[in-house]
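Biologist: Could you walk me through this one? I'd like to go piece by piece, and I may jump around a bit.

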Amino acid sequence: MSKTAKHESATPATEWLKRNKVPFGEHSYEYVEHGGTSVSSAALGVDHHSMIKTLIMEDENKKPLVILMHGDREVSTKNLARQCGRKSIAPCKPEQAQRN
């Protein structure tokens with residue numbers, strides 16, 4: 001009988017945690033394209049507002065910004081740029097977000 005390997009997330013954050021021996025737990029759920037935190041919070045039985053999402057954005061000079069916010073909220077890039085004194089802020093491309 002063959003055994004299937006347990007899936008483990010491999011992100012820069014989880015790799016850092018493992019390297020630095022920081023204890024953490026993983027919670028699996030069925031992935032839904034564009035489901036966002038509403039899907040993950042429902043699957044894990046957690047209040048949607050309590051979920052924290054990480055958004056990687058960049059300003060007009062390609063300087064990265066990391067935004068942590070409640071799962072049930074949205075960011076206004078226009079307001080964020082104004083509050084940060086930047087001309088513009090936009091989401092990074094996924095490849096750039098991973099590098100950041």
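Biologist: Let's start with Ser41: is it buried or exposed?
Modeller: In this predicted model, Ser41 counts as buried because its relative accessible area is 4%, and the cut-off for that label is under 20%.

Biologist: Where does Ser41 sit, and what does it touch?
Modeller: Ser41 belongs to helix 2, and, if residues up to four places away in sequence are not counted, it touches Val46, Asp47, His48 and Met51.

Biologist: Which residues of helix 2 are buried?
Modeller: Thr37, Ser40 and Ser41 are buried in helix 2. They lie on the same side of helix 2, because the arc they cover around the axis is only 100 degrees.

Biologist: And what covers the buried residues of helix 2?
Modeller: The cover includes strand 1, which runs over residues 52-59.

Biologist: What about the end of that helix, what follows helix 2?
Modeller: Helix 2 spans residues 36-44, with Leu44 among them, and it is followed by Gly45, which has a positive phi, near 70 degrees.

Biologist: How accessible is Leu44?
Modeller: Leu44 counts as partly exposed, because its relative accessibility is 32%. Leu44 also takes part in a nonpolar patch on the surface together with Tyr29 and Val46, and the accessible area of these residues together is about 220 Å².

Biologist: Switching to the inside: which residues make up the largest nonpolar core?
Modeller: That core has seven residues, namely Met57, Leu65, Ile67, Met69, Leu80, Ala81 and Ile89. Strand 2, residues 64-70, and helix 3, residues 77-84, each supply at least two residues of this core, and the largest share, three residues, comes from strand 2.

Biologist: Take Leu80 from that set; what is Leu80 in contact with?
Modeller: Leaving aside neighbours within four places in sequence, Leu80 is in contact with Ile67, Val75 and Ile89.

Biologist: Okay, charges now. How many salt bridges does the structure hold?
Modeller: The structure holds three salt bridges. One of them joins Arg86 to Asp59, with the closest N and O atoms 3.3 Å apart. This pair links distant parts of the chain, since Arg86 lies in the loop between helix 3 and strand 3 (89-91) while Asp59 lies in strand 1, 27 residues apart.

Biologist: Is Asp59 buried or exposed, and what about Arg86?
Modeller: Asp59 counts as buried, because its relative accessibility is 6%, whereas Arg86 counts as partly exposed, at 25% relative accessibility.

Biologist: Which side chain meets Glu58 in a salt bridge?
Modeller: The side chain of Lys62 does, at 3.2 Å from N to O. Glu58 counts as buried, because its relative accessibility is 13%, while Lys62 counts as exposed, at 57% relative accessibility.

Biologist: And what does Arg73 pair with?
Modeller: Arg73 forms a salt bridge with Asp72, and here the closest N and O atoms are 3.9 Å apart, which falls within the 4 Å that a salt bridge requires. Arg73 is partly exposed, because its relative accessible area is 44%, and Asp72 likewise counts as partly exposed, at 34% relative accessibility.

Technical notes. Residues are numbered from 1 along each chain as its sequence is written. This is a predicted model: local features need pLDDT of at least 70, side-chain atom pairs count only at pLDDT 80 or more; totals for chains, interfaces and linings use all residues. Side-chain values use heavy atoms; hydrogens and water are left out. Patches are made of residues with over 30% relative accessible area and no salt bridge: like charges are joined within 9 Å, nonpolar side chains (Val, Leu, Ile, Met, Phe, Trp, Tyr) within 5 Å. Accessible areas come from the Shrake-Rupley method with a 1.4 Å probe; for residues, only the protein chains shown count as cover. Helices (H or I, at least four residues) and strands (E, at least two) are DSSP runs, numbered from the N terminus. Buried means under 20% relative accessible area, exposed over 50%, partly exposed in between (1.4 Å probe, protein chains only). A nonpolar core is a set of buried Ala, Val, Leu, Ile, Met, Phe, Trp, Tyr and Cys residues joined through side-chain atoms within 4.5 Å. Contact means heavy atoms within 4.5 Å. The arc is that of the directions from the helix axis to the C-beta atoms.
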